[in-house]
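Me: I have a structure here that is new to me. Please go through it with me.

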Number of protein chains: 4
Amino acid sequence: MTTVIKNGTIVTADMTYEGDVKIAHGKIVEIGRHLEGEEVLDATGCYVMPGGIDPHTHLEMPFMGTYSSDDFESGTRAALAGGTTMVVDFCLPSPNQSLLEALAMWDNKTGKASCDFSFHMAVTWWGEQVWKEMAEVVDRGITSFKHFMAYKGALMVDDDEMFSSFQRCAELGALPLVHAENGDVVAQMTQKLLDAGNNGPEAHAYSRPPEVEGEATNRAIMIADMAGVPLYVVHTSCEQAHEAIRRARAKGMRVYGEPLIQHLVLDETEYFNTDWDYAARRVMSPPFRNKQHQDSLWAGLQSGSLQVVATDHCAFTTQQKRFGVDNFAKIPNGTGGLEDRLPVLWTKGVNTGRLTMNEFVAVTSTNIAKILNLYPRKGAIVLGADADIVVWDPKRSKTIKADSQQSVIDYNVFEGIEVTGLPRFVLSRGKVSIVENEVRTEVGHGKFVAREPRNPV
Amino acid sequence: MTTVIKNGTIVTADMTYEGDVKIAHGKIVEIGRHLEGEEVLDATGCYVMPGGIDPHTHLEMPFMGTYSSDDFESGTRAALAGGTTMVVDFCLPSPNQSLLEALAMWDNKTGKASCDFSFHMAVTWWGEQVWKEMAEVVDRGITSFKHFMAYKGALMVDDDEMFSSFQRCAELGALPLVHAENGDVVAQMTQKLLDAGNNGPEAHAYSRPPEVEGEATNRAIMIADMAGVPLYVVHTSCEQAHEAIRRARAKGMRVYGEPLIQHLVLDETEYFNTDWDYAARRVMSPPFRNKQHQDSLWAGLQSGSLQVVATDHCAFTTQQKRFGVDNFAKIPNGTGGLEDRLPVLWTKGVNTGRLTMNEFVAVTSTNIAKILNLYPRKGAIVLGADADIVVWDPKRSKTIKADSQQSVIDYNVFEGIEVTGLPRFVLSRGKVSIVENEVRTEVGHGKFVAREPRNPV
Amino acid sequence: MTTVIKNGTIVTADMTYEGDVKIAHGKIVEIGRHLEGEEVLDATGCYVMPGGIDPHTHLEMPFMGTYSSDDFESGTRAALAGGTTMVVDFCLPSPNQSLLEALAMWDNKTGKASCDFSFHMAVTWWGEQVWKEMAEVVDRGITSFKHFMAYKGALMVDDDEMFSSFQRCAELGALPLVHAENGDVVAQMTQKLLDAGNNGPEAHAYSRPPEVEGEATNRAIMIADMAGVPLYVVHTSCEQAHEAIRRARAKGMRVYGEPLIQHLVLDETEYFNTDWDYAARRVMSPPFRNKQHQDSLWAGLQSGSLQVVATDHCAFTTQQKRFGVDNFAKIPNGTGGLEDRLPVLWTKGVNTGRLTMNEFVAVTSTNIAKILNLYPRKGAIVLGADADIVVWDPKRSKTIKADSQQSVIDYNVFEGIEVTGLPRFVLSRGKVSIVENEVRTEVGHGKFVAREPRNPV
Amino acid sequence: MTTVIKNGTIVTADMTYEGDVKIAHGKIVEIGRHLEGEEVLDATGCYVMPGGIDPHTHLEMPFMGTYSSDDFESGTRAALAGGTTMVVDFCLPSPNQSLLEALAMWDNKTGKASCDFSFHMAVTWWGEQVWKEMAEVVDRGITSFKHFMAYKGALMVDDDEMFSSFQRCAELGALPLVHAENGDVVAQMTQKLLDAGNNGPEAHAYSRPPEVEGEATNRAIMIADMAGVPLYVVHTSCEQAHEAIRRARAKGMRVYGEPLIQHLVLDETEYFNTDWDYAARRVMSPPFRNKQHQDSLWAGLQSGSLQVVATDHCAFTTQQKRFGVDNFAKIPNGTGGLEDRLPVLWTKGVNTGRLTMNEFVAVTSTNIAKILNLYPRKGAIVLGADADIVVWDPKRSKTIKADSQQSVIDYNVFEGIEVTGLPRFVLSRGKVSIVENEVRTEVGHGKFVAREPRNPV
Ligand SMILES: [Zn+2]
Ligand SMILES: [Zn+2]
Ligand SMILES: [Zn+2]
Ligand SMILES: [Zn+2]
Ligand SMILES: [Zn+2]
Ligand SMILES: [Zn+2]
Ligand SMILES: [Zn+2]
Ligand SMILES: [Zn+2]
């Protein structure tokens, strides 16, 4: 079957032009005027853009005997509903667990995916086995390795392990990622706050201020520089971290920064809400920051010192959040956002004049595809590319509400924000998965996307 | 007639892939495998890239009763010989001269062009007439206005005039450009040096140190910010200017910087040559800088804080340079470079690992096209684009020599540099103009390219 | 007669220690324990500090046919009442007026001074006469020259004039000062705002944003660097200007910055007051800035990148402010502060822990004395120094109120601020001029203090 | 007995003036003109300055079963010979050793000292015992604690330990110091170089590039900021570390940086000497850097972002250096400098115009005394201060030669440098210890100087 998206304006990271897009067998086969196909999608008044790619999700992530509530079924459904057509999740081996064994566990979760997906592999311990298995992981198309500089006693690796792993990445042509917060300092500050009786969710933010993130970012950059490898910093939330990235880039280093949509639009005052549930639902790491940090992140997207907007989607229900009712350190870290990333960024970024439409496509899709060596299979409207497409209606608007969202959790951190700019159609490899509010996703349609190492870009 | 470029690897600013390119009526009509056409160009082992665009040339520029020696005939011939398929020249009205009258004079010179061209209009004085004519100039497709902050008593405008003009640019959706050096300080320092008997070419460099350029860049940025208009800084040569640009960009401002190929590879020691002719031939403004400044410029290209590599091609013969034999201030400012820009940048940038091939295309062509709103008509290998294409042979090499160059002047500032990476074919709107060392350019083939204001990118 | 200050703690820029201070003939003649004298001042519980020096006042300054309301009588009385024992005023020649003639006019005003004073000479135009007279001015003990980069059409000098004057300062061993705002841009923005009907006092702030100050500061620094002369930037009010100063200092340049007490504690929201009089009374240049700029200024005092806290005391009554009732550009620029500088800085700086007591002395007195080559005659508690001393009672407090101030104007921009830390005694060259709320100043006691050029520090 | 230094020019950190200095019982008892005493020292043509304080020495430091060769006898003799009248050495407990026990060992070495001395205590491990003993150490007058971020497996502490110790310093009002290099990265790079057969002294420099120092400096600053304590960074050798310090200071943090005289004047090319002994003698950590780093350090001294010049005097003979003949990692780290610091800094700093004489005093003596809370007992020429004085003859000159030095080692890294500016007399608490080339030091004259915590400055 052929599908044609007609009468829209194609918007890519570098161009805006009138054109129809013809799709067959899940691929874009023709771009031009007056195309015909069996199925016709009317894009009049709409922008036809590469579907969003979210490089940072945690679906069905194990946590204290339970799991983050959105799995590959609800998570990818939420993604598609919001115009995102691919997610990259994190495979997290336990300490001393084989990377390959962990990968097998993660693969098992993905059968329900309705959009394409890939993985980053976490390096949570170090040894000869890890060193060896990294090559096998790369062979399987997973070419990016995550390192946690925080979560002491759990996922955290020290500088010695990180430097070893970064050097291994350099050999394999893989890309290291870091969660950058100084875990030693966070752990002590957490204990001090608890000892002083500060056990509420607002203390979570006090336990990990911007300085702690800036330091770790700076350190990871140095280690990457010594290892001779590029670096991708996840969830860059503050000026201190951004400054470290800018400083490195000004020396010609290849360092990438990823603000989250949450940090761009929500600020620390959220934690001052006296409703424990309200504040606890916003607990994530890094925590929300103040307005000056938000300005810094927006400027980074404008100038190119930050390249990507993600969600770190890791959804816990209020019930799950309440694990930490007496101790903020036990509140599961994470918020949702998969469905909201594109509409909120469009509303707060494009509608306000901060970003051009082309920049919107770049930071939600194309830059990610380039950095992860998925481009132009993903992130582009070109012949031969996967037909992961969002037909964007800049006039559609809604107020974000938990009770109409795809995510299974019972709240939404963007609750009440009015967005203008929403998908009319969302296609996953040609399959029409979303038609405005109608969900037509197909469980199991999503496939793993293997990536090549030694990214030339 | 159709032409097919076969068996090459297409390299654009964002992709590298195998593909043939088919051309008809001067446009790219098909990209794919196994294409056929009447004329076949074998690109085996080569990269098929958008032709270079040089945004900064001065062909047949009037000077002290004579003209810069390369005109639109030899200049565009040199451009094509080096893989550059479009030049943007500067129309320079005399003080109190009508912009439109000046434009008519400049148009008269272009009949001999063998590649496409456009103009920047200089604002060299201010008044209601200029204010009015700027709109007419934009209507004629010239949407960028140059401002000289140096050359006191000649082209220079003061802050008041510059701010007025920048605000007018904002109204018209035009892009202001600046030559950024503090003309008052340069003029006094020049006089002091001459008074002290320092009249040789090396004193030219002393008269305009990096601080003078950095200050003016910083000032122009502030004025653009106040006027609410982007800014393009020509010939950014030093860390001080680059720092001002980075600082502005870090605040989210839209400021562009253009290093010249000369400043990237030649340094201030050139002026210490005891042969007057040797040193005088290198006299240009800004002058060559030291190695630290070069490192800064390369890092800027790598990180994206500088976007464009140009030449400021303004060729004077040794005879013309000797106007200043007793007074460096009378040495005509300018060097050549049109034929050498791409091979030298490839050799010193790509072959050394500083830049990827895609970045090479970006800074020599695509970024320029985007900034000047020529994209994707120019600067792209996409359907419908002008077939301005260079087929680049990464194995071809030569030693740069004045006696085999296209430029009419009698020396070359890159003399003796061995370059590896040269054009096999160069096409101007489909016309094969260069086949390795054979020049097939056609006088008059080049056309003026009108540009639209209100660049969305 | 001898006077002894007994039982206090001496606090200087570099030490804190117990000690009595003995004074004779206006000089400090002994420092030690258990000193005796004819007059005894009990300093129990107090800090004995060098009297404040305000390097920036405009007493009886001519303006539009009238004068700023505080003259050398009320101005120096206010100074002493607040612990300041010396002021440095500005001699402002009219365009084309002889510097010496202007100096004679200013000298005439000073007969009523009750504390010592000096002058900065303004260079408001340029010519051979100015060049010559600058030497004579230096011979008379005035070794600092002020340059206005704003106030176009009145006091402003252009870059050419400024560079000439700075070079002359270098020859004479004098110190150039700048009022740093881009006057061309301010003038146009003022006109635009007025044209758009924005004629209220809040528009004053819009007409001269921080960018305009940062640019001019950066420019003055470059010009000083080219002239080979240090630079003193008056009323540094914002991060942009401070950043330019920091950047220069980081290269080893000798650049000084002077925040005003107003900019440290008052912010731009003052202009949003709907009472025209309220807002107009706060009109000064540069205008008040936001909290981020205040943080920057405080950090500068802490780190030493800013050295001096001044007032720019230039007092106009509400009546005088109303000259600009229909046009903010006609509101006389200036606020008071002479009496309040020390108590407010102590309260907001020392009591909050931002500054040590020694740093307080440094920025209100000692640093100024050093920069202006008055040290250790002024700004020190050492043998032989002038007995310009404040005995500071850290427990005394009051609420600032216009109706109990020394200044003749009818309001106070610090109205309502509660200060803790006030003078118990203030001595001007040994003369007890203030005893808590009792004013014993003596008209005519204040003398001109000549300064030497070629400051070694 | 009374001693008078007559006819000299007194130079302190903030003043230069004519004056005689009278000394009794080791203290300054009078400053003035025409003073008389039993012993008269003629200072005609000389500057009378506070004696140098070297805050960073390692005398008789244990190392691999032997000791650094200069002990408190030869070390303090060398100090005095070069105008330095006090040294601060490091007490280095072994892992798990009691701080107090280590202190007893170090005390034992000091009986031979001929000038005053103090200690910094190193925190080389962490535990409740250390936590407790730190209070006792402070009570004994040692109020600064050193932390090694490098020397993995030996002295190094990790972030967790460092943060604990810094918080303890905050409680005690003590000052933390850091040796800032990332020990994990240095260790791995060292192993890699050795594995690759790079075992010569030049590889020492490759194993610890500036990035590694900059990172650790930045990290220590963050940890100090979180602990709410000032920070002193020893041997700041590069722009990266200096930048981190500047950035922190620009936020108002109290961070101090200490360049060594070696890093100010010697550069990395020293390691390229093909004579193994020559290069190995220069092995120290951090290693010498290039000219750009030197420029940064000098600018820091000029602007005040760096405060102190030290030596890290740790003298090993050539014989000792040869422990590492097959393995650069076994070359004992350290160079001499105690005798040379003042003459070299005067020659390269004051004679070149980079520093004023007052700044020279500040960075060699007064600033150190202030930071270590020794001021004004040390570092000042004021009544009551210890008579630690150098009478500096700016005309005396010599060429530095190992064979005429006080240090017991057989070479000098400054060999061959001609210095102009040398002591005529050096007094330790009034005792004339040096008269030009004549050494009159007295073994055992030097005493321990206790310091108070909670430094107010
Ligand atoms: Zn994370
Ligand atoms: Zn995450
Ligand atoms: Zn130019
Ligand atoms: Zn040009
Ligand atoms: Zn002013
Ligand atoms: Zn003023
Ligand atoms: Zn060390
Ligand atoms: Zn050491």
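Reply: Some wording to begin with: helices (H or I, at least four residues) and strands (E, at least two) are DSSP runs, numbered from the N terminus. This is a predicted model, where local features need pLDDT of at least 70, side-chain atom pairs count only at pLDDT 80 or more, and totals for chains, interfaces and linings use all residues. Residues are numbered from 1 along each chain as its sequence is written, chains are lettered from A and ligands numbered from 1 in the order in which they are written, and side-chain values use heavy atoms, with hydrogens and water left out.

Me: What are the ipTM and pTM of the model?

Reply: The ipTM is 0.96 and the pTM is 0.97. Chain A has an average pLDDT of 97, and 100% of its residues score at least 70. pLDDT is the predictor's confidence in each residue, from 0 to 100.

Me: Where is Arg429(A)?

Reply: Arg429(A) sits in the loop between β18 (418-428) and β19 (431-435) of chain A. Its phi is near 40°, a positive value in a residue other than glycine. Most residues other than glycine have a negative phi, and most peptide bonds are trans.

Me: And what is the phi of Glu436(B)?

Reply: Near 50°, also a positive value in a residue other than glycine. Glu436(B) belongs to the loop between β19 (431-435) and β20 (438-439) of chain B. Glu436(B) counts as partly exposed because its relative accessibility is 35%. Buried means under 20% relative accessible area, exposed over 50%, and partly exposed in between (1.4 Å probe, protein chains only).

Me: Is the peptide bond from Tyr375(B) to Pro376(B) cis or trans?

Reply: That bond is cis, with omega near 0°. Pro376(B) is in the loop between α14 (357-371) and β17 (389-399) of chain B. In chain C, the bond from Tyr375(C) to Pro376(C) is cis too, with omega near 0°.

Me: Switching to the metals. Which residues coordinate the zinc ion (ligand 3)?

Reply: His179(B) through ND1 and His235(B) through NE2, at 2.1 Å. Donors are N, O and S atoms within 2.8 Å of the metal (3.2 Å for Na, K and Ca); water is not among the atoms, so sites may look incomplete.

Me: Where in chain B are those two?

Reply: His179(B) is in strand β14 (residues 175-179), and His235(B) is in the loop between β15 (231-233) and α8 (239-250) of chain B. The pair links distant parts of the chain, 56 residues apart. His179(B) and His235(B) are both buried.

Me: How far is the zinc ion (ligand 3) from the zinc ion (ligand 4)?

Reply: They are 3.5 Å apart. The zinc ion (ligand 4) has His56(B) (NE2), His58(B) (NE2) and Asp312(B) (OD) as protein donors, 2.1 to 2.2 Å away. Their spacing along the chain is H-x1-H-x253-D.

Me: Why does His56(B) count as buried?

Reply: Because its relative accessibility is 0%. His58(B) is buried as well, with a relative accessible area of 7%.

Me: What about chain D: which protein donors does the zinc ion (ligand 7) have?

Reply: His179(D) (ND1) and His235(D) (NE2), lying 2.1 to 2.2 Å from the ion. His179(D) lies in strand β14 (residues 175-179) of chain D and His235(D) in the loop between β15 (231-233) and α8 (239-250), so the pair ties together parts that are 56 residues apart in sequence. The zinc ion (ligand 7) is 3.5 Å from the zinc ion (ligand 8).

Me: Back to chain A. How do α13(A) and α14(A) pack?

Reply: Helix α13 (residues 341-350) and helix α14 (residues 357-371) of chain A pack at an angle of about 145°, with their axes 10 Å apart. Axes are lines fitted to C-alpha atoms, for helices over the stretch in contact, and angles run from 0 to 180 degrees between N-to-C directions.

Me: Which residues of α13(A) and α14(A) meet?

Reply: Among them are Leu342(A), Leu345(A) and Trp346(A) from α13(A), and Phe360(A), Val363(A) and Ile368(A) from α14(A). Contact means heavy atoms within 4.5 Å.

Me: Last one: where is His263(B)?

Reply: In helix α9 (residues 261-265) of chain B. His263(B) counts as buried, at 2% relative accessibility. Not counting residues up to four places away in sequence, its contacts include Ser237(B), Met284(B) and Phe288(B).
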